[in-house]
Amino acid sequence: TGGVPPPPAGHPPYRAPEKKRGVLIASIALAAVLMLCAGGGVVAFLTLRNTETGAGAKEPAVAVDQFLTAVYKDRDASRAATLVCSSSRDKDKIAAKVAEIEKYASAYQNPRFRWSSPKVDNQIGDRATVTTRVTMTTADEKVADQDLRFTVVRKTGWWVCEVA
């Protein structure tokens, strides 16, 4: 048949050079890994940075005293929320707790709340446990006590993060 003669024996047939697919695939994979690392770095930064706005209190006991004043004396949920660390700052829950205290207090004659001076029981680095006893006294001489334990953390100052 007429056509192209077969290659001489002992020589492999000629092939055009293949495109370097391996390099292309490796480049794409490397770019994807770099994008994931950069994205992960941004997420880590946003998660771990100090997200507190404001100064916070200068001492753990002061943070607790300010929080108690906002909740029990002023009954101001908005003010209380500004004293709570961002990870615990759920304005609806704080407002519900203040409303609960308001409802409880409305059942008594002229209730007054006071508390013992907040005491730092344990402080390790930027975390402290503070305790106090809240006492409600009424005009008809009824008295109720509640012991509270607060976890406070220092970021841009001291912030209340947990109440038990």
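Tutor: A search of the whole structure finds one disulfide, the term being used for a pair of cysteine sulfur atoms within 2.5 Å. The model is a predicted one, in which local features need pLDDT of at least 70, side-chain atom pairs count only at pLDDT 80 or more, and totals for chains, interfaces and linings use all residues. Residues are numbered from 1 along each chain as its sequence is written, and side-chain values use heavy atoms, with hydrogens and water left out.

The disulfide is formed by Cys85 and Cys161, whose sulfur atoms are 2.0 Å apart. This pair links distant parts of the chain, 76 residues apart: Cys85 belongs to the loop between H3 and H4, and Cys161 to strand E5 (residues 158–163). Helices (H or I, at least four residues) and strands (E, at least two) are DSSP runs, numbered from the N terminus. Cys85 and Cys161 are both buried; buried means under 20% relative accessible area, exposed over 50%, and partly exposed in between, with a 1.4 Å probe and protein chains only.

Turning to the charged contacts, the structure holds six salt bridges. A salt bridge is here a side-chain nitrogen of Lys or Arg within 4 Å of a carboxyl oxygen of Asp or Glu. Among them is the contact between the side chains of Arg75 and Glu102, at 3.5 Å from N to O. Because Arg75 sits in the loop between helix H2 (60–73) and helix H3 (77–81), while Glu102 sits in helix H4 (residues 91–106), this pair ties together parts that are 27 residues apart in sequence. Arg75 is partly exposed, its relative accessible area being 23%, and Glu102 is likewise partly exposed, at 38%.

Helix H4 also holds Glu100 and Lys97, whose side chains meet in a salt bridge with an N to O distance of 3.1 Å. These two residues are three apart in the helix, so about one helical turn separates them. Glu100 counts as partly exposed at 47% relative accessibility, and Lys97 counts as partly exposed at 42%.

A further salt bridge joins the side chains of Lys142 and Asp140, with 3.6 Å from N to O. Lys142 is partly exposed, with a relative accessible area of 44%; Asp140 is partly exposed as well, with 35%.
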